[in-house]
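Here are my notes for a first look at this one. Have the model open while you go through the points.

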Amino acid sequence: MSAVPKARPDDTVLEIEDLSVDIATPRGRLRAVREVSFHVSRGETLCIVGESGCGKTLTSLAVMGLLPAVASRRARKLSLLGEDLLEASPRRVNALRGDRMAMIFQEPMTALNPAYTIGNQLTEVYLLHRGGGIARARERAVELLGKVGMASAAERLQQYPHQLSGGLRQRVMIAMALMCGPELLIADEPSTALDVTIQAQILRLLADLQKDLGIALVLITHDLGVVARIADRVAVMYAGEIVEEGTAERVFAAPRHPYTRGLISCIPIPGRTATGGRLGTIAGVVPHLVGEIRGCTFRERCPYARAECAAEVAVRSIGEHRWRCVHEELPA
Amino acid sequence: MTLRDDAPMLEARAVTRTFLLGANFFRRGRPLHAVNGVDLAIRRGDVLGIVGESGCGKSTLARMLLGLLAPTSGRIMLEGEDLGTLTRRAIARRVQPVFQDPYSSLNPRRSIASIVALPLEVHGIGTATERRAQALDMLDRVGLPKRYGDHTPGQLSGGQRQRVAIARALVMRPEIVICDEPTSALDVSVQAQILNLLMDLRRELNLTYVFISHNLAVVQHIASQVAVMYLGRIVEHADTVTLFRTPRHPYTQALLASVLTPEPGLGVPDIGLGLAFPDPLNPPRGCTFHPRCPHRMSRCSSVVPMLTHEQGGAVACHLYPPSGQAQAA
C-alpha cells in the first residue's frame with residue numbers, strides 16, 4: 001500500500017511538537033498559532049475544533065506546507081511517517097503532498113478547477129506522483145469514484161465541476177485526495193458548505209473510508225456534533241492554542257477547560273435543551289493576538305478566572321486527557 | 001381541523017412563485033417553480049420555523065412574506081389584508097427582515113446609529129435627534145452599549161453586527177420579523193447569544209417570528225411550529241413538539257436523522273437517502289422527493305401527494321392517505 005517504508009515501529013503518522021505560526025501584520029507579529037502539539041496514528045481520527053480565528057486552519061496549512069507568504073512557521077518537531085518535514089526540501093514536500101498526505105477543503109467549487117473535467121483533475125495527481133500512463137490513472141479514478149459512492153463513474157470523468165451538485169463535488173474532492181493512497185488525510189470543514197442531509201452522507205463516507213483504508217484523519221471543524229460523532233480524539237483550540245485534548249468520550253462527558261464546557265453549553269440539542277429555554281453563552285470576545293501574550297488567553301471571558309490565570313498556566317493531565325487551566329476540576 | 005384556531009397574523013394562500021430562467025425578448029425561458037402552492041398561517045406571538053435545504057424555496061418565500069417579491073399566483077395576507085394592495089412602506093412598518101450575513105447587509109460607510117435610525121428616517125418619523133435617541137435605545141435593548149453608535153460596521157464582530165441588524169429591524173416596532181438564517185454565519189457561541197436575544201425580544205415586544213433555517217436543532221429550540229419545505233412545496237407542517245417526536249414525512253425523518261447531536265459513540269447515522277438532489281428546473285414527476293425516498297411506492301412517481309391535514313399537523317406523502325380514503329393505489 002505504501003511506497004515509503006515504515007520508519008517507525010508504532011503507528012504514528014503525524015507528530016507535531018510546539019508548532020507556532022506567526023503572521024506579519026502592519027501592527028506587528030500576530031501570533032496566530034502557539035505551541036500546538038498533537039499526534040495522529042494510522043486508523044485514527046483526530047478532530048480539531050474551535051471557532052473562527054482560533055488557528056485550526058493555519059495549523060493544517062502549516063502541516064501541509066501551504067501557508068501564505070505572510071505567515072511563518074516554527075516547530076520543535078513536525079514529522080510525517082518519521083520523516084522530518086521541517087528539514088525537508090520544498091521539492092520533497094511537494095512529492096509528499098498529494099501522495100503521502102492529502103487535504104480536502106471546505107468549498108469544493110473553489111477547490112476544483114472549473115475549466116478541466118473531473119477526469120483531468122483526478123488523473124493529474126496520480127500521473128504526477130505515480131506516472132504509469134493515462135490508462136492506469138483513469139482506471140484508478142473510476143475505482144475511487146466508485147468507492148466514494150458515485151454511480152456511472154466512467155461517464156463522470158467527462159463531466160465538469162459545474163455539472164455536479166455540491167455533495168457530488170465534495171465526493172470528487174475526497175476521491176482526488178485518496179488517488180495515491182495517502183497515509184494522512186486532513187479535511188478542513190469538509191461538510192460545512194453542504195446541506196444537512198448531504199453533510200451526514202459525506203461524513204459517513206469519510207468515516208467509512210478512514211476505517212477501510214486505515215488512514216490517519218485530521219478533521220477540522222467548528223461543529224461539536226460532527227466531532228462527537230466522528231472523532232476518536234479531540235483537540236479544542238482557542239485563540240491559537242490547544243486548550244484541551246482527549247478522547248471524545250472524556251472531553252464531552254467531563255470537559256475540564258472552561259472554554260470547552262462553555263462551547264458545549266451553547267448548542268441546542270433536540271430532546272435535551274428545552275424549546276424556548278436559554279442557551280449557555282460565553283461572554284466577551286476573542287482577544288487580539290498581536291504582540292506578547294501572557295497567561296491564559298481565555299481568562300477575560302472565563303467565569304472561573306483567578307489571579308494566577310494571568311501568569312503562565314501549566315498543562316494538567318490525567319492519562320491521555322490534557323488541559324491547560326489553573327483548575328484541576330471546574331466547580332459544578 | 002386546520003391549524004388555525006384564531007385569525008392568523010400572516011397567511012400565505014396557495015402561493016406560487018415562478019422564475020423564468022434565460023428569458024429574453026425572443027425566448028420564453030425555462031420556468032423554475034421556486035415556491036409551488038404554499039399554504040401557511042402564522043398566529044400572533046407564534047414562531048414559525050421553515051426548514052429545508054438550499055434551493056427548496058425558503059428564501060423566496062421569505063421575500064414574498066416581506067412584500068419584496070410578488071407571488072406569481074396566490075395571495076399573502078397580513079391580518080386579512082392582501083399584501084398586494086398595501087404599499088411597500090405600510091408593509092415595512094409591520095414586517096421587517098433580519099438576514100443571514102451581517103457583513104453584507106449593513107452599509108460599511110455609515111455609523112451604527114444612523115444604520116439603525118434609517119428606517120425611521122425613511123418613514124419620516126421624528127426629528128434627527130429623536131431618531132438617534134430611539135436608535136441608541138434600541139441598540140441598548142439588543143445588548144450593544146450606546147458608545148457603539150458612532151462606530152462603523154467594520155469595527156464590530158459578526159455577532160455585534162447581527163445585533164445591529166436586529167436593532168434596525170426592530171426600531172420601527174414591527175409586529176412580524178422574518179429571520180432568514182440569522183445565525184448561520186455565526187460561531188456557535190455567538191449563535192447562542194443571538195438566539196437568546198431573539199427569544200427575549202419576542203417576549204418583551206410581543207413579536208411574531210418567521211424563522212428560516214437549515215439547522216433543525218436551532219429551529220427546534222426557537223420555533224413553536226415548523227414547516228418543512230422540499231423543492232418549493234411544504235411536505236410537512238406541525239407544531240414543534242409533534243414534528244420532533246413523530247416526524248411523518250420520510251424527508252422530515254431524514255432531516256431529523258441527520259442532526260448530529262454532540263453525543264460520542266453514536267457514529268454518523270445512515271440517513272438512507274439517495275445521492276442526487278434533483279434539478280429544480282426539471283423536478284421529478286409525482287412526489288418530487290421520490291427518487292431519494294427509501295419508502296417510495298409505484299404511485300409516488302406519478303401522483304403528486306396533497307398536503308392532508310390531521311390533528312396538529314399536515315403531511316404530503318402517499319404513506320399517509322387522507323382519512324376516509326382507501327389505501328389501495
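**Notes on the predicted model**

1. Start inside: the largest nonpolar core has 196 residues, and Val116(B) and Val210(B) have the most contacts inside it. A nonpolar core here is a set of buried Ala, Val, Leu, Ile, Met, Phe, Trp, Tyr and Cys residues joined through C-beta atoms within 7 Å; buried takes 20 or more other C-beta atoms within 10 Å of a residue's own, with C-beta atoms placed from the backbone. From chain A, domain 1 (12-100 + 184-324) and domain 2 (110-179) each give this core at least three residues.

2. Some ground rules. This is a predicted model, where local features need pLDDT of at least 70 and side-chain atom pairs count only at pLDDT 80 or more, while totals for chains, interfaces and linings use all residues. Residues are numbered from 1 along each chain as its sequence is written, and chains are lettered from A and ligands numbered from 1 in the order in which they are written.

3. What does Val210(B) touch? Leaving out residues up to four places away in sequence, Val210(B) touches Ile42(B), Leu48(B), Ile50(B), Ala62(B), Leu65(B), Ile178(B) and Cys179(B). Contact means C-beta atoms, placed from the backbone, within 7 Å.

4. Next, the two chains: 39 residues of chain B are in contact with 41 residues of chain A. On the chain B side, helices H6 (188-205), H7 (216-222), H8 (240-245) and H9 (250-257) each supply at least two residues, with the largest share, 7 residues, coming from H6(B). Helices (H or I, at least four residues) and strands (E, at least two) are DSSP runs, numbered from the N terminus.

5. Chain A's two domains, whose bounds come from an automatic or database domain assignment, have C-alpha centres 29 Å apart. Between them, 12 residues of domain 1 are in contact with 11 residues of domain 2. Helix H8 (residues 196-213) of chain A gives the largest share of the domain 1 side, 6 residues.

6. Finally, look at the open sheet in chain A: its 8 strands run in the order S7-S8-S9-S3-S10-S11-S13-S12, with mixed pairing. Strands pair if DSSP finds at least two bridges between them. S7 (101-104) and S12 (315-318) of chain A are at the edges with a single partner strand each, so one side of each has no neighbour in the sheet. Strands S3 (residues 45-49) and S9 (residues 216-221) of chain A run parallel, joined by 5 bridges, and Val49(A) stands opposite Thr221(A) in S9(A).

Conventions:
Buried ≥ 20, exposed ≤ 12 C-beta atoms within 10 Å, placed from the backbone.
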